[in-house]
Amino acid sequence: MLDTRISRRAALMGAGAVAAWVSSPARALFQAAARLPVPAFIDGLVAQMTIAEKAGQLTIMPAAWAGGVAVALNPAGNGPGFDQQLEEVRTMQIAGVFNGNGAEMARRMQSAAVKESRLKIPLIFAADIIHGHRTIFPVPVGEAASFDPDLAERTARMASYEGAASGIDWTFAPMVDIARDQRWGRTMEGAGEDVHLGNLMAAARVRGFQRKDLKALDSMMACAKHFAAYGAAEAGLDYNTVDVSERTLREIYFPPFQAALGEGAMTFMASFNELSGIPATGNEWLMRGILRQEWGFEGFVVSDYTGDMEMIDHGFAKDSREAAKLAFLAGVDMSMTSGFYRKHLPELVEAGEVPMARVDDSVRKVLAIKAALGLFDDPFRRIDAKREKARSRTKPAQALAREAGRKSIVLLKNDGDLLPLPKAGRKIAIIGPFASGKHDLNGPWVVYGSNDYAIDLAEGVRNAVTDKNSVTVTAGSGVDEVLPGGIDAAVAAAQAADVVLLAIGESENMSGEAQSRAEIVVPPAQQALAEAVAATGKPVVVVLKNGRSLALQGAVANAPAILVTWFLGTESGNATADVLFGDYSPSGRLPCSFPRSPGQQPYYYAHKPTGRPNPSDDKLEPYKAHYRGMPNKALYPFGHGLTYGKIDYADLKAAPSLAWDGELSVSATITNRGTRAAEEVVQLYIRDRTASITRPVRELKAFRKLRLAPGASETVTFKLNRALLLFIGRDNKPTVEPGTFDVWVAPSAEAEGVHAQFELVAG
């Protein structure tokens, strides 16, 4: 399947064309996707509202009646009780709530809104449904490793199917931030380091959540976040300063948002970070200049959790009144959690500091989206307790979770073909803090799912093998702590086994928001465990649990086989066993590069060559661009991943020139010389050798997933045209110049694969 499973308008917004849309036919398609119909009755409704009621429609608050993880995310002591929140509904002080506790809560709140408030305006119910509702799918960066936008669309669709049944109209997803520093904890929430892959995943997830009809009973409105450049936080520190050029924004960080908007995302969330000295929540250039005026966005922007309040600590607003004014005038339509808008907008309008017309425009957008969701037609359309129960954790959802899990796993290393393991005849020791137990399976950012329903590694392995008694389980260590006698027990278990599955990595609370890590390594207690187990001489398969790329060291890096299993969700153990025992040949590829050392961060494959590149990986030369004793390469680069086949790349064919308005075919023959079927991700990279703005050493432009039987070959053909070669020039507008380009068809961003050059010829 080609990676172009994306609508025409989103495709036009992708790759080089994402930069060129202002002057191309793509703009008309883009604006068509972004249109927000405003029913005639809404203007009359706005005219009836008081300024206080209007401010209420621009305010969303955490649900007072929450449950499970939502309680920790929105502590009850931080807001009103449920009875008080019902009174806020009756008096029209809020537009809706988020992360509430299901259909019954939503029914009671919606009843208060449409039966007891003055204007009977329905509430909107939102939630953080990031990678599943009750059924949990792999964390988004893990799912991106599938290189399968169709899969991302289907898991988002299933999350919408479950979530909408519990009354949820709007999800705060997808996160489309490009993440190029693996210290950043929210890497797990996006699609990794690459723009092209990020565009495709952003568009797919919007399609999945929203389907074709927002009024459908299994649709939820998407929210593209965080606008903008949140993933560029200095040193990977969450909430930190961002200072990048406009060119970098337009080339790296804007495109996935444009792809999401091209698929019809009608809400955006402002990011926490400042951007070149101006917090995004108060950044008029971003919210009005780029999003609305340039891109034609007609939906509404919501702040992130207390984002307007945080402008005070940024040193940008002196108090809550000024913060409300700055955020609103910048173009943030709805305030989340702080309550600043409902507190200050009436006074700001009365004082003439905020035009009433601006307030009316924002309220009109909020009401129009409520109408688009069908809430004025039937405020209870998604609120059905029986439907909520019937749609929760269904067999099709579990089957999809298992499929998504196994497709997300990346085989980094497989020396001596240690994998796949036989299902009989070997004693298997599962060792490590993640060997078993109902913990750390779903991953971060799960509000409604529970690890209690997830399958752990030990259960998955026992489900797969012929003799369950051939499997032993030993913790050996905690995540961060040494267990008394743990290493001795682990060594004994390893010595008694034929093969060891070493289940190590990160816990759920080591990835996600506010979980930046200075040292992205396996924690010391687990590293010591790995060294002791490796010393037994028994073959070791490292089974990594992680929400970001890690710098692997010592016995972990030297293990003969390494699987990256991320946080796979509900079917974690079964999906992992499918790969371990060969029921599924691994097909995942890294969406983010694994560095050689934590100090190599930020590292990403599409870096610039510098004026002093090291000429060879075989020898590090002095006074060249590399760290001491370390090539400027990844340990495992973006796009890397092995299969159970033996894949060869050969016979690259490409014409020597590309006409200015022409098309160039690039083809290569891919052969599986192994004895097992395999699925290969064939990747196309280019490099612009000389340009008026320096270009990266490689850029991904396309990929194709290929299923190859043993001994089979297939010729893969890609098409290149001038639009795919565009970059942002000196005037921050798209351009491309005649000259020499390299092209690779390769299995990763740093593999040679097969290579050629061509000339782009001036028209």
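A pocket, on a 1 Å grid over the protein atoms alone, is an open set of points where a 1.4 Å probe fits, with protein on both sides within 12 Å along at least five of seven lines. Grid points are joined across faces, edges and corners, and a volume is the space filled by probe spheres set on the points.

This is a predicted model, in which local features need pLDDT of at least 70 and side-chain atom pairs count only at pLDDT 80 or more, while totals for chains, interfaces and linings use all residues. Residues are numbered from 1 along each chain as its sequence is written, and side-chain values use heavy atoms, with hydrogens and water left out.

**Stop 1: the largest pocket**

Select R180, I252, Y604, A606 and P696. Of the 42 residues that line the largest pocket, these lie nearest its centre; a lining residue has an atom within 4 Å of a point. The volume of this pocket is about 840 Å³.

Next, colour the helices and strands, which are DSSP runs numbered from the N terminus (helices: H or I, at least four residues; strands: E, at least two). Select α12 (246-253), which gives the most to the lining of the largest pocket, with 6 residues. Other elements that each supply at least two lining residues include α11 (195-210) and β21 (699-708).

Colour the lining by class: 22 residues are nonpolar, 8 polar and 12 charged. Here Ala, Val, Leu, Ile, Met, Phe, Trp, Tyr, Cys and Pro count as nonpolar, Asp, Glu, Lys and Arg as charged, and the others, Gly among them, as polar.

**Stop 2: strand β15**

Select residues 540-545. In this strand, β15, 6 of 6 residues are buried (under 20% relative accessible area, with a 1.4 Å probe and protein chains only). V540, V542 and L544 cover one side, and V541, V543 and K545 the other; all are buried.

Which strands pair with β15? Two strands pair if DSSP finds at least two bridges between them. Strand β14 (residues 499-505) runs parallel to β15 and is joined to it by 6 bridges; V500 stands opposite V540. Follow the chain from β14 through helix α23 (residues 524-534) to β15: this β-α-β crossover is right-handed (with the strands pointing away from the viewer, the path from the first strand over the helix to the second runs clockwise). Strand β16 (residues 561-564) is also parallel to β15, with 4 bridges, and its V564 stands opposite L544.

**Stop 3: aromatic pairs**

Rings of Phe, Tyr and Trp (its six-membered ring) pair if their centres lie within 6.5 Å; planes under 30 degrees apart count as stacked, over 60 as edge-to-face and the rest as tilted. The count comes to 23 aromatic pairs.

Select W170 and F300. Their ring centres are 5.3 Å apart and their planes stand at 80°, so this pair is edge-to-face. W170 is in strand β4 (residues 170-171) and F300 in strand β9 (residues 300-302), so the pair ties together parts 130 residues apart in sequence. Both W170 and F300 are buried.

Now select Y605 and F638. With centres 5.0 Å apart and planes at 20°, these rings are stacked. Y605 and F638 are both in the loop between α25 (572-580) and β17 (647-654), 33 residues apart. Y605 and F638 are buried too.

To finish, select F227, F254, F257, F268, W285, W295 and F297, which ring pairs link into a cluster.

Notes: Buried means under 20% relative accessible area, exposed over 50%, partly exposed in between (1.4 Å probe, protein chains only).
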